[in-house]
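Please have the sequence and the 3D view at hand while reading.

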Amino acid sequence: MASLEKVADGVHRFADGLVNWYLIVEGDQLMLVDSGWPSSWSRIQAAIQSLGHSQEALRAILLTHGHADHLGAAEAARQKTGARVLVRAEDEARVRGQLRGGSSFALVPKLVPRLWKPSALGFVLHAARHGFMTPRWVAEVETFHVDGQLDLPGRPQPVATPGHTEGHTSYLFADRGVLLSGDALVTLDPLSRDQGPRLMPDAVNSDPRAARASLAALEALAAGLLLPGHGKPWRGSPADAVRHARDADRAA
Ligand SMILES: [Zn+2]
C-alpha cells in the first residue's frame, strides 16, 4: 500500500489525504494513534493486513483530540475489532459527540472568511468528501489523565497540549525516540498548505493562546522524530521544531 510508510521501528505513518494516522506495533499487538476520517476504516483494515496482522491484533485506538478528521474511523474500528478507544478526559465529551459546539459545523463560521483562498476551500471540500461534516461519534470511550506512561503498545507517555481542543494530548514514545504531536505542532497547515513546523491556524484552535503556551510542554521532550497530525515527519528535536513554529507564528 503506497501510503503506508515505516517511519521508525514499529511506527508506521499513513497519509490519509491531508491528515495522518499512525500504527504502532509491539509484538503481535497493534495500536492506532488517531483514526483518520469517518471514511478511513477500509484503509486502516488494508494497512493492518499489509503488515501481516489480523484486525483482531488491534488493541487500542489512542486519540490526540476529538475532531472528526482524527476520531474518524474509531467507532467503526472499535465495533469491528473490539479495540479500546482512549482519550484524555477533557476531550471525552467531544469524542462522544456530547459537547455543545463540538460539531464540525461549529468550525465553519471561522473558516468562511478564509474560503476565498483555493487551498482553504480545497481543504473544506476534501474534508467534506471524507465525511468530516457527519462524524461517527464513539459510543464507548475510556479516559485517562496525564500521569506517566499508559499500559498500551509502545508505552506512550501522554503530554497535555491543550489549545487546539481543551483535551488535546501529544504522545511521547520514549523508547523509540518519537513524539506524536497531533495538532499541537504540525508540519502542514491544511488551510494554507504552508509547510514546516508550525501551529494550526487560529481559526481551528478553540483557545489560540493556550495552543501557543502548549509549545513549552513539547519543547523539553527528548525525541529525534516529530510525527504530526498534518504534514510530513520532521527529523530533529522537539526544541528545534518549536523554535521553527514560533518563528513561523511571528512571521504570520
Ligand atoms: Zn486535524
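How many nonpolar, polar and charged residues does the lining of the second largest cavity have, by class? By class, that lining has five nonpolar, four polar and one charged residues, where Ala, Val, Leu, Ile, Met, Phe, Trp, Tyr, Cys and Pro count as nonpolar, Asp, Glu, Lys and Arg as charged, and the others, Gly among them, as polar.

## Basis of the model

This is a predicted model, in which local features need pLDDT of at least 70 and side-chain atom pairs count only at pLDDT 80 or more, while totals for chains, interfaces and linings use all residues. Residues are numbered from 1 along each chain as its sequence is written, and side-chain values use heavy atoms, with hydrogens and water left out.

## Cavities

Searching the whole structure gives two cavities of 30 Å³ or more; a cavity is a set of points, on a 1 Å grid over the protein atoms alone, where a 1.4 Å probe fits but cannot get out, and lining residues have an atom within 4 Å of a point. The largest has a volume of about 100 Å³, and of its 13 lining residues Asp 69, Leu 107, Phe 123, Met 200 and Val 204 are the closest to its centre.

The second largest cavity has a volume of about 30 Å³, and among the residues that line it are Asn 20, Tyr 22, Asp 34 and Pro 228. Strands E3 (19–26), E10 (178–182) and E13 (225–228) each give two or more residues to this lining, strands (at least two residues) being DSSP runs numbered from the N terminus.

## The zinc site

Asp 69 (OD), His 70 (NE2), Asp 183 (OD) and His 230 (NE2) are the protein donors of the zinc ion, lying 2.0 to 2.8 Å from it; donors are N, O and S atoms within 2.8 Å of the metal (3.2 Å for Na, K and Ca).

Note on methods:
On a 1 Å grid over the protein atoms alone, a cavity is a set of points where a 1.4 Å probe fits but cannot get out, and a pocket is an open set with protein on both sides within 12 Å along at least five of seven lines; lining residues have an atom within 4 Å of a point. Grid points are joined across faces, edges and corners, and a volume is the space filled by probe spheres set on the points. Helices (H or I, at least four residues) and strands (E, at least two) are DSSP runs, numbered from the N terminus.
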